[in-house]
Amino acid sequence: MEDTDSGFDMIDLGKLAAVFFEECTEHLAEMERLLLEIDPSCPDQEALHALFRAAHSIKGSGGIFDFSDMTTITHELESVLDLIRNQQLALTPEMVNLFLQSTDVISMQLAGHQHGAAVDQQANDSACAGLRAIMADFRTAPGEESATPAVHVAVPAAGLQKFTIDFIPSLDIFKRGIRVENLFGELASLGTLSSFAEFPEVPELHEFDPELAHAHWHLSLEAEATEAEIRDIFEFVADDSDIVIKVEEPQASSAPPAVSPGQSTLPASHEPASAKTNRETADGSIRVGVRKVDQIINQVGELVITQAMLSQIGGSLDPVLHADLYRGLQQLARNTRDLQESVMSMRLVPINLVFSRFPRLIRDLAAKLGKQVELRIFGESTELDKGLVEKMSDPLTHLVRNALDHAIETPDVRIAAGKPAVGIVTLRASQIGGKIVVDVIDDGAGLDRERILRKAAERGIDVNEGMSDDEVWQLIFTPGFSTAEAVTDISGRGVGMDVVSRNVQALGGKVQIFSKSGQGTRITLSLPLTLAILDGLAVAVGNEKFIIPINAIVESLQPSAGDIQSIQESGRVLKMRGDFIPLIPLHQLFSIKEAANRPEEGVLVVVDAEGERVALQVDALVDEQQVVIKSLEENYRKVPGTAGATIMGDGRVALILDVGEIACQWHGRLKDLAA
Amino acid sequence: MEQAPQIINGASAPSGTKEYLTFNLGGEEYGMDILKVQEIRGYDAVTRIANTPEFMKGVINLRGVIVPIVDMRIKFNLGTVEYGEFTVVIILNILNRVVGIVVDGVSDVVALLPEQIRPAPELSSSMDTSYIAGLANSDERLLILVDIEKLLSSTDMQLMDLAA
Amino acid sequence: MSASIPDTTRINLCGNWSITGVAEQLPYLNSSMESFSTGTPRQQAEIHVEEIESIDASGCQLLAVFFHSIRRNGHEPKLLNPSTILRENLKTLGFAPFFDSGGV
């Protein structure tokens, strides 16, 4: 028999490795998240278990690939975590930092194995040393100081019990690196174990896949242990294996839990009433490549266009004569709509994917800068297209770094200014009128108007004192503009604002700045909601058609002359339920000649334009349709007042209106006319 | 309805030559690098875009992709223009974008050797001479060779946001 | 040795019998099956395992299935020279019945 080093086929190894890298990355991210959230004075028991499990998984899989550097440090980490979760060791803030350092090291090692990236050996050594020191201290610590090595908390000393365990493992249990022999070894160490393996159907040798677990096990264990302890041993395989544990001859179990001496010195850990829901839901999930999803989305998009075309053709036929066709087309429309919704939701991910990196970033950065910063996050479950999320990451990171570096003052400066020593950075995401709006808010020093004007003047930009605040803030988007006194290595040259703005605009979005000196700054990014499909209302203005996003629409109406008033410098307004709503004649804005001039001859569509209500005057409503958003920027450029275009049923292009920009444009126009 | 688009392939040319698509504009004949040409279509179903220069006719739907159309005849002030079944639109692939230009007509594809091309003197052409790559003689025709990419990406065409 | 005692075949198993190596062991097992299933009446098979370097649950499972297959073909396998670890593993994992009197 030839002696081969590894039994893996090169192809299989590659695929398994890819899965390993992905899963490891997820485990590390989960650990980081848990560590950042955990409260050492009162650690959440579920979180401790989850941390242990994650480390254990990494160790197990790392072992299969012989990544000994990872398994070494993970083993140390796991051992310490095990003590902590079993209440044998108290968690301290220093330990949390050490654990974070350790996960960093493991990440580095992972990158080393995956991409050949360099690994900082010193960081690894110091983390390992730290962990070993904890273990060493634990082992030598006198009984009263730290916990006595009791096995578990609240263990009812129940006496000898006999358990029968039926264990049907999932087929891939060996491949996942689970060492069943060790599992059973642990059981055996609890007491006396008899085990019987059987095959439900013994396979023929030539048909047999030795890498899959075909055996079913019946175990019999006599031990002074609780069922919980036994389940614990199976915890890593419980999810997809069948485990049935029965207790025979139960002892009297009404004795109150005996707490071993020494445990009262530890802070009580708490089990939350509802389990933290960060585990996978019972339905499970499948990994699918992003490209496949995109392909499906494109195909569904094309399907929508075809369906729209068919509907239009069908619409021109006599419904009575072609009743069946009509019904069929309606059914098709429904089916397409459902398919589309399902497909689109595949690419939607919560923005938390981007937000999640900030707690760590802020923690490290604040420490480096000697500032105290608290991060508040709202709307983290706001969903947006995966592609958008990835592209937002850089601009947002830059803005957050800027806030810490330049905006938030050091504690002494803050206190002198009458502010609390801890600065607050807020990240807020929400969905408004077909857009995703992300705010980065700080309560720092605010933008320095004078400094910006000075710098602009220095650069030869035409400025004057009379410029509005908005106009002054816009100056920082000039390429190469930086008011940072010195180039710090933290946020780089500070020239990032123009890059941020460009990045955001490339996504079809925009950046706005609001700032008050001494109080703080708010930077608002707004981006189109999805990259592909929109519920819209098609309207006609003259011979042209436009699409208004449905979720921006409040209502539409046919006004009578009495509802309209003309106000000097405001143009026309609509009187509606006591309010005066600015009326925007689209045919004027878009220079369309053949349109109805007077509002009462047309239809008014009242929309929510980023908080402000305006009434868009159109000639007629055409119909509601779901449109596939096509990019104008791809081959042309951004057209003000629009959020992309679409292809109608007749094959013509129609522009999708950006009601916020339209309102802005209109106000700008009125100002110009008044001037 | 749209006429069937002609798709032009890079046909096999004698070695050393470069191929040019010749087209008419304001009575003069021009040539452009054939490799930039994607297809030739008729003029149809153009959606206007408000507040753009006159030569910017709007956008069309080219098999699901939105493509801007520029009328070169208007851009270079070549008299009154009409749009009909014989109006020609050349669809180009420039700088990773697809754009279309309206011209008076399209002739044929000529292969030219580098020796056949002379630098352009300051002649009075409707087109700004900085976009002219040279002059060539072919079959007793004088061809003005145009750097179509440079022309269409220039800021006054306003086709592209070149900040990126 | 009288004619009633069946012929003996010797099969040597070695190398990596853990999850990373089991797949590679299979071809050899299959070919050794062929070596004694061709019509010959009950043979005794001495399965030498002293050269197995590493083994885990998947390897034990494979071994058990191997033994079962041999029996199914009417022959009698015998486990020879198992290491202490192998013996313990087979016992802990409950595969002992497959190896019967074979020294487990």
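How many bridges join strand β16 to strand β17 of chain A? The views below take up this question in a predicted model, in which local features need pLDDT of at least 70, side-chain atom pairs count only at pLDDT 80 or more, and totals for chains, interfaces and linings use all residues. Residues are numbered from 1 along each chain as its sequence is written, while chains are lettered from A and ligands numbered from 1 in the order in which they are written.

**View 1. Strands β16 and β17 of chain A.** Four bridges join β16 (residues 571-576) to β17 (residues 579-585), and these two strands run antiparallel; strands are DSSP runs of E with at least two residues, helices are runs of H or I with at least four, and both are numbered from the N terminus. Val573(A) has Pro582(A) in β17(A) as its bridge partner.

**View 2. The open sheet of chain A.** Six strands form this sheet with mixed pairing, in the order β14-β18-β19-β17-β16-β15, where two strands pair if DSSP finds at least two bridges between them. Because β14 (553-557) and β15 (564-567) of chain A stand at the edges with a single partner strand each, one side of each is left without a neighbour in the sheet.

**View 3. The side of chain A that touches chain B.** Here 21 residues of chain A are in contact with 22 residues of chain B, contact meaning that the C-beta atoms of two residues, placed from the backbone, lie within 7 Å. On the chain A side, α16 (496-506), β21 (642-647) and β22 (653-657) each supply at least two residues.
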